[in-house]
Amino acid sequence: MAESKKQKESGLSIIKLLLIILILGTLGLGVYAGINLFSQSSEIIQNSEEKVKRNYVVLADPETLPSADEKSVNSATSHDVKMNSTWTFSDGQAYSRDAFVENPSSNLNSVYFEITLNGYKEPIMTSPVLPVGSHLENITLDKALKAGTYNCTLTYTLLSRDGKDSVGTLQMALKIVIQS
């Protein structure tokens, strides 16, 4: 009888040991799968950011654009601005998810813009030409900046009908925030 009790206890100990090993193995697999899944998702995010077309001009529907004579287009009598004044970048080489610049269809001139840090002459970004009614997506700086907040000037250059000559400029204050 003592031997049978000893065998039962030994059998229970083996079962407990197997359950503990099974639980630890399951936890280990779960941790491994979680780490693997997290690293793959960050790779997917990085790869998708690399595939994003940066400083992409989105054109408006031609039917919504006003027509104007050459004399009106070749003079800078007025210009509407549609943009936000603070742009945030996750790092100095990333594109901004909140930067927005549009050349509204109420305008007559195509434009491009340059951004300079206040106190410096060298631009940190020069945009492509924005035809009337278009906007710019996935804005990226041409020069990487370190983490910090920068006061900048965004200078619009209004273009003549041929798109080669400047008919005027317009300056706006801009704050750029580089998070890391």
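Here is a quick briefing on the fold, the sheet, the core and the surface of this protein chain. The model is a predicted one. The chain has 180 residues, 28% of them buried, and its secondary structure comes to two helices and nine strands.

**Overall layout**

- Reading from the N terminus, you get α-β-α-β-β-β-β-β-β-β-β.
- Take the contacts between residues at least 6 apart in sequence: 68% of them join residues at least 24 apart.
- The accessible surface is about 11900 Å², and carbon and sulfur atoms hold 56% of that.

**The four-stranded sheet**

- Four strands line up as an open sheet in the order β1-β7-β4-β2, and the pairing is antiparallel.
- The edge positions go to β1 (56-58) and β2 (82-83); each has a single partner strand, so one side of each has no neighbour in the sheet.
- As a reminder, strands in a sheet pair through backbone hydrogen bonds, parallel or antiparallel.
- For β2, the pairing with β4 (residues 101-102) is antiparallel and runs over two bridges.
- If you want a spot to look at there, Met83 sits opposite Val101 of β4.

**The largest nonpolar core**

- This core has 24 residues, and the ones touching the most other members are Trp87, Phe113, Ile115 and Ile176.
- Two or more residues each come from β3 (86-89), β5 (111-117), β6 (123-126), β8 (148-159) and β9 (166-178).
- The largest share is that of β8, which puts in five residues.
- Phe113 is worth a click: leaving aside residues up to four places away in sequence, its contacts include Trp87, Val101, Met125, Leu130, Leu136 and Leu154.
- Phe113 also touches Thr126, Ser127, Thr155 and Tyr156.

- Leu12, Ile15, Leu19 and Leu22 make a nonpolar surface patch of about 400 Å².
- One of them, Leu19, belongs to helix α1, which spans residues 2-51.
- Is Leu19 buried, partly exposed or exposed? Its relative accessibility is 47%, so Leu19 counts as partly exposed; the cut-offs are under 20% for buried and over 50% for exposed.

Terms used: Residues numbered from 1 in each chain as written. Predicted model: local features only at pLDDT ≥ 70, side-chain atom pairs only at ≥ 80, totals over all residues. Heavy atoms only, no water. Buried < 20%, exposed > 50% of the residue type's maximum accessible area, 1.4 Å probe, protein only. Contact = heavy atoms within 4.5 Å. Areas by Shrake-Rupley, 256 points an atom, 1.4 Å probe, with all protein chains shown as cover. Pairing = 2+ DSSP bridges. Core = buried A, V, L, I, M, F, W, Y, C linked by side-chain atoms within 4.5 Å. Patch = residues over 30% accessible without salt bridge, like charges linked within 9 Å, V, L, I, M, F, W, Y side chains within 5 Å. Salt bridge = Lys/Arg side-chain N within 4 Å of Asp/Glu carboxyl O.
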